[in-house]
Amino acid sequence: VNLSPDDGQLAYELDRAHVFHSWSAQAALTPMVIAGGLGSTVWDFDGNTYLDFSSQLVNVNIGHQHPAVVAAIHTQADILTTIAPAHANLARGQAAQRILERAGDEFSKVFFTNGGADANENAMRMARLYTGRDKVLSMYRSYHGNTGSAVAATGDWRRVPNEYARAHVHFFGPFAYRSEFWATTPEEESARALHHLERVIQAEGANSIAAILIETIPGTAGILVPPPGYLAGVRALADTYGIVLIFDEVMCGFGRTGGWFAFQSLGLVDEPVVPDLITFAKGVNSGYVPVGGVIIPPFIAEVFDETVFPGGLTYSGHPLAMASIIGALDAMENEGIVDNAARVGSELLEPGLHALAAKYPVIGEVRGLGVFWALDLVADPTTREPLSPTLVGALKAKLLSLGMLPFFADNRLHVVPPCVVTDDEVARGLAIYDEAFASLDV
Ligand code: PLP
């Protein structure tokens with residue numbers, strides 16, 4: 001397909017005239033027009049290329065235009081493009097089987113949704129029906145999606161204008177660098193955050209709480225890798241008080257942390273913890289077709305053996321999405337793409353980002369694993385005051401001018417390339433960050 005700069009201009013004009021954008025005041029937007037992409041690179045209509053170290057919305061884990069995923073979608077389109085969820089469909093069963101093989105023996109079924117928000121919506125619904133309770137506890141530092149209960153469960157600013165649903169209670173999770181608990185070590189942070197959570201459970205009334213919903217590693221909130229013992233402590237509290245534990249792996253799942261799921265990656269360095277329900281989307285098929293879902297264990301699935309599950313979606317288990325999951329997971333397995341994310345994380349990004357932090361005091365903390373890293377940018381390393389939006393904006397503009405598509409959230413630069421990123425691309429990315437930080441007038 002040959003597209004010209006005129007097509008780029010038309011795309012921009014049609015967008016500005018007719019497309020209403022997410023999470024934005026519409027008037028001042030100047031969206032970048034992307035013409036195409038391959039692997040970790042995207043390009044515009046004028047021939048400028050960019051290293052995509054955002055993976056878009058941290059979802060293109062397999063990289064852009066992976067041929068195996070594109071071919072799987074083509075093949076399924078020739079067979080059957082759509083079918084209602086009530087029918088059995090081979091691609092749907094095979095996609096569910098592949099997801100369950102990776103999640104572990106504790107899980108037996110998958111409920112497919114259109115994306116991450118409705119995955120959380122349905123996980124909360126299952127927990128409420130399973131326990132007969134209604135409250136859901138989740139973290140202030142979280143994002144769980146933009147539908148009724150999912151946005152009410154979200155902790156960040158996006159919840160506030162949308163808070164119509166009741167029965168949602170928030171708590172502070174651990175974040176040693178900006179501790180809410182006056183902790184001075186990760187162990188202290190973990191213990192005090194667990195004490196706080198238990199007090200919230202008791203004060204709300206344990207018998208009213210259906211679920212604790214947490215991102216295994218809070219993503220948009222700052223890639224907050226939990227300190228040792230925290231997830232095991234949450235698991236113990238859920239067990240003590242009969243609460244369903246839901247891990248939202250929408251952003252951190254399917255390769256991002258260097259394992260299939262974040263709870264498995266963390267289990268290699270800390271006490272292994274298995275949740276009751278897992279929600280997923282993004283990396284499962286890298287967003288080539290919209291899809292998400294809930295991974296369910298037998299003890300919750302069985303509740304709905306004789307009782308109707310009161311939930312469903314026209315496009316649940318859509319054949320094109322299912323084919324893209326099969327294509328993506330098989331390619332990730334066959335090409336060692338998850339292992340690549342782990343290796344790139346420990347051998348290249350971890351030392352490379354720490355070297356940048358040693359050089360530039362504006363980088364207050366480096367945290368993460370796999371291809372899931374955050375640089376916490378500060379005006380002053382001693383007070384840890386967040387870097388001003390003006391300087392964050394200047395850094396972003398510089399990175400773009402150097403050919404890097406970055407991911408920023410508040411005062412943080414998230415380093416989140418696709419899992420397929422090559423050593424050469426990481427070296428180029430680190431050099432671009434270096435040049436951009438050197439140019440910052442702090
Ligand atoms: N959960 C987490 C952790 C996310 O990061 C997101 C999206 O960024 C969602 C849920 C919502 O997913 P979606 O936008 O597909 O509805």
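**Close-up views of helix packing, sheets and ligand shell**

**View 1. Helix H4 packs against helix H12.** In this predicted model, the axes of helix H4 (residues 90-103) and helix H12 (residues 319-334) come within 8 Å and cross at roughly 40°. That angle makes H4 oblique to H12, and the crossing of the two helices is left-handed. On the H4 side, the residues that take part are Ala91, Arg92, Gln94, Ala95 and Arg98, and they meet Pro319, Met322, Ala323, Ile325, Ile326 and Leu329 in H12. Divided by class, the residues of this contact are eight nonpolar, one polar and two charged.

**View 2. Helix H3 also packs with H12.** Helix H3 (residues 67-79) and H12 pack at an angle of about 145°, and their axes are 8 Å apart. H3 passes H12 in a right-handed crossing, whereas the crossing of H4 and H12 is left-handed. From H3, the contact is made by Ala68, Val69, Ala71, Ala72, Ile73, Thr75, Gln76 and Ala77, while H12 contributes Pro319, Leu320, Ala323, Ser324, Ile326, Gly327, Ala328, Asp330 and Ala331. The residues of the contact of H3 with H12 divide into twelve nonpolar, four polar and one charged. Pro319, Ala323 and Ile326 of H12 take part in the contact with H3, and these residues of H12 are also met by H4.

View 3. The crossing of H14 and H15 is right-handed. Here Leu395, Lys398 and Leu399 in H14 meet Ile432, Ala436 and Ser439 in H15, and by class this contact has four nonpolar residues, one polar residue and one charged residue.

**View 4. Seven strands form an open sheet with mixed pairing.** The order of the strands across this sheet is E4-E10-E9-E8-E7-E5-E6, and its edge strands, each of which pairs on one side only, are strand E4 (109-113) and strand E6 (168-171). On average, and with direction ignored, neighbouring strands of the sheet are turned by 20° against each other. Strand E5 (residues 135-139) runs parallel to E6 and is joined to E6 by four bridges, with Ser138 standing opposite His170 in E6. H5 packs on the sheet and touches E4, E5, strand E7 (209-215), strand E8 (244-248), strand E9 (277-280) and strand E10 (292-296), and the direction of H5 makes about 30° with that of E10. Helix H8 (residues 230-241) likewise packs on the sheet, touching E7 and E8, and the direction of H8 makes about 170° with that of E7.

**View 5. A shell of residues surrounds the ligand.** The ligand is surrounded by 16 residues, of which the closest are Gly115, Gly116, Ala117, Gly145 and Val250. By class, the shell around the ligand has six nonpolar, eight polar and two charged residues.

**View 6. Four strands form another open sheet.** The strands of this sheet follow the order E1-E2-E3-E14, and their pairing is mixed. The edge strands are strand E1 (36-38) and strand E14 (404-405), each of which pairs on one side only. Within the sheet, strand E2 (residues 41-43) and strand E3 (residues 49-52) pair in the antiparallel sense over three bridges, and Trp43 stands opposite Thr49 in E3.

Terms used. Residues numbered from 1 in each chain as written. Predicted model: local features only at pLDDT ≥ 70, side-chain atom pairs only at ≥ 80, totals over all residues. Axes fitted to C-alpha atoms, helices over the stretch in contact; angles between N-to-C directions. Parallel < 35°, antiparallel > 145°, perpendicular 65-115°, else oblique. Left-handed = near helix turned anticlockwise from the far one by under 90°. Contact = placed C-beta atoms within 7 Å. Nonpolar A, V, L, I, M, F, W, Y, C, P; charged D, E, K, R; others polar. Near = placed C-beta within 6 Å. Pairing = 2+ DSSP bridges.
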